Amino acid sequence: MTRKLINWIGLTGLAALISYAAAAYFCRSAFPGYNWMASAVSDLSAETAPSRQLWDRLAAVYSAGSVVCATCVAIYVSENKISTRMFRVGIYLFTIMNWVSKVGYSMFSLDDAGKQISSFQEVMHMVVTALVVILSIASLVLLIIAGCRNKEVRGIGIWAAIFFAMMMMGPIGMQAFPPQYFGIAERFSIYSAIGFNAVLGVYLFNGFGNEGKA
């Protein structure tokens, strides 16, 4: 296939995944006493976190790339009428989730790492998290159903099911395991959305196989 600019932009999804993983890994050393198995990733980017400046540098590609990738995927499936309306709505919801995540967490980052939620800023951070979770679940469920019904997008449906299972492992793990393993469970949920965005970016890079047009 002859790739256009929008196809190449799909690689920003992979770049975003690498950027986030690098930030989550290397920022731990800049946060004395941080225990990744027990603490949330968001603690590393809290306003008062000693790792905040390093996080902003390492996660810069993730911050921009995730939204750019998801938006270009939505534009591509819309303009090329990829698969069914249900499939496209699932993609649109996933894109909205990325925008809510980017704007919401930028406006309402945690004030302090590891303390109880009390201020308006922190409450709104949790509201944004709830919206991100709801939109993620809705989009993945629609894509799973679309994949079951339509062979041409079955691959994306299978990936959606895999990352949906990862997302569910987060809250289940938080309830089933002791608090000292909270961070491990939380990372399943976080990487599910980022990982699926990277997968969609690869599909965009390959033009969705030039299939699935209604």
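Select C72 to begin: with 11% relative accessibility, this cysteine counts as buried, a word that here means under 20% relative accessible area, against over 50% for exposed and partly exposed in between, with a 1.4 Å probe and protein chains only. The model is a predicted one, in which local features need pLDDT of at least 70 and side-chain atom pairs count only at pLDDT 80 or more, while totals for chains, interfaces and linings use all residues. Residues are numbered from 1 along each chain as its sequence is written, and side-chain values use heavy atoms, leaving out hydrogens and water.

Searching the whole structure gives 0 disulfides, a disulfide being a pair of cysteine sulfur atoms within 2.5 Å. C72 is in no disulfide, and its nearest cysteine sulfur, that of C69, lies 7.4 Å away.

Next, select V73, F87, I91, F196 and F208, which have the most contacts inside the largest nonpolar core, a group of 30 residues; such a core is a set of buried Ala, Val, Leu, Ile, Met, Phe, Trp, Tyr and Cys residues joined through side-chain atoms within 4.5 Å. Helix 6 gives the most to this core, with 7 residues, where helices are DSSP runs (H or I, at least four residues) numbered from the N terminus. From I91, look for V73, A74, V77, L143 and L200, which this residue touches (heavy atoms within 4.5 Å), not counting residues up to four places away in sequence.

Finally, move to N98 in helix 5, which is buried at a relative accessible area of 8% and touches S66, V67, A70 and N197, again not counting residues up to four places away in sequence.

Conventions:
Helix = DSSP H or I, 4+ residues; strand = E, 2+ residues; numbered from the N terminus.
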